[in-house]
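This report describes the overall build of a protein and then turns to its aromatic side chains. The sequence and structure are shown below.

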Amino acid sequence: MSQQEAQQQENGLTAQDYYFDSYSHWGIHEEMLKDDVRTLSYRDAIMQNPHLFRDKVVLDVGCGTGILSMFCARAGAKHVYGIDMSEIIHKAREIVNINKLSDRITVIKGKMEDIQLPVEKVDIIVSEWMGYFLLYESMLDTVLLARDRYLAPGGLMFPDRAKLLIAAIEDAEYKEEKIGFWDDVYGFDFSPIKRDVWKEPLVDNVDRIAVNTNSCEILSIDLTTVKKEELSFSSPFEITATRNDYVHAFLAWFDVEFSACHKPLSFSTGPFSRYTHWKQTVFYTHKDLTVKNGEYIRGTISCKPAERNHRELDIDISYNFIPKDEEREVVSEELSYRMC
Ligand SMILES: C[S@@+](CC[C@H](N)C(=O)[O-])C[C@H]1O[C@@H](n2cnc3c(N)ncnc32)[C@H](O)[C@@H]1O
């Protein structure tokens, strides 16, 4: 049991309670609502497609403040059911009321897994379920359960596609600041902490200039068909250096698509796109590589929910770099990370 889990148990709270509690305060919803890449993508996907929403019954999985439910109602949905386990749902109910949408939106407090909808099937499921590195928080499990229970045959998922990508970056300065720091803390060796720092991927915004390879897709999800088991994956990758440079880390990000729209709409959380609150995920390598334009880094990345807490992720990256000349060393590593 981790220290955090022990503390939670002492307080009589489970990781579940903590998870939902984290969505109870308006602060986290402010951050999500103000992420206009995110919120405008959902708004446009829904409101620019009234022909898909008109007279339809919609389920909003994890409705939070109710923003997506209200977009659906404005797009002409006959009725929207917004479900959320966290306390923010009481605000969602008030917001729906004062916006005069309570005749078309029903908000229900409860865990999606436990509640019984007042209808047997819905035509469309909308949900904003993505976490860091796409899968952190494992909320997609809940959306898939809702799909299997409630989506009518031929029904639509908003969004319905997602993919994860990997590349490499030059990041000497920040790697030194985050990891090298622990080698000498006011004259003391802090390597016991350094070992843990290596293991935790860093969620941060990376400048596009730092990316020095092409990118490679490591997971592609079709939300209309994917099964929960497929979210634990192991994928080979091959990336090619796009200039002579040093590699200090791998970088991952995700893209999301609403392909059911009349004009398919997507957004990216990658370093070549506008900032989102998901940023990107940095996996520092233990060794630094000296790469030349056109050389390959080949590897495998595996990811699965952690046994200690299914909302956390265990991610392994193994890679092999064979330089084209003999002056530089072949580099191979097997690295394990925990997103917690
Ligand atoms: C990322 S927020 C999105 C909120 C809102 N849909 C939006 O776009 O602003 C996810 C929400 O889903 C809720 N949630 C996550 N898992 C849930 C579950 N199993 N049952 C009910 N609500 C859940 C959380 O409490 C949180 O409010």
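The model discussed here is predicted. Among contacts between residues at least 6 apart in sequence, 74% join residues that are at least 24 apart. The secondary structure consists of 10 helices and 15 strands.

**Overall form**

Along the principal axes, the C-alpha atoms fill a box of roughly 70 × 50 × 30 Å. Of the 340 residues, 51% are buried. The accessible surface comes to about 16,900 Å², and carbon and sulfur atoms account for 49% of this surface.

**Aromatic side chains**

The whole structure contains 15 aromatic pairs. Two of the pairs are set out in the table.

| Pair | Distance between ring centres | Angle between planes | Arrangement |
|---|---|---|---|
| Y19 and Y23 | 5.6 Å | 80 degrees | edge-to-face |
| F181 and W182 | 4.8 Å | 80 degrees | edge-to-face |

The pair of Y19 and Y23 counts as edge-to-face because the planes of the rings stand at 80 degrees, and the cut-off for this arrangement is over 60 degrees. Y19 and Y23 are both buried. In the other pair, W182 is buried, because its relative accessible area of 19% falls under the cut-off of 20%. F181, by contrast, has a relative accessible area of 39% and is partly exposed. Elsewhere, Y42, F53, F158 and F258 form one aromatic cluster.

Definitions and conventions: Residues are numbered from 1 along each chain as its sequence is written. Side-chain values use heavy atoms; hydrogens and water are left out. Helices (H or I, at least four residues) and strands (E, at least two) are DSSP runs, numbered from the N terminus. Buried means under 20% relative accessible area, exposed over 50%, partly exposed in between (1.4 Å probe, protein chains only). Contact means heavy atoms within 4.5 Å. Accessible areas come from the Shrake-Rupley method with a 1.4 Å probe; for residues, only the protein chains shown count as cover. Rings of Phe, Tyr and Trp (its six-membered ring) pair if their centres lie within 6.5 Å; planes under 30 degrees apart count as stacked, over 60 as edge-to-face and the rest as tilted.
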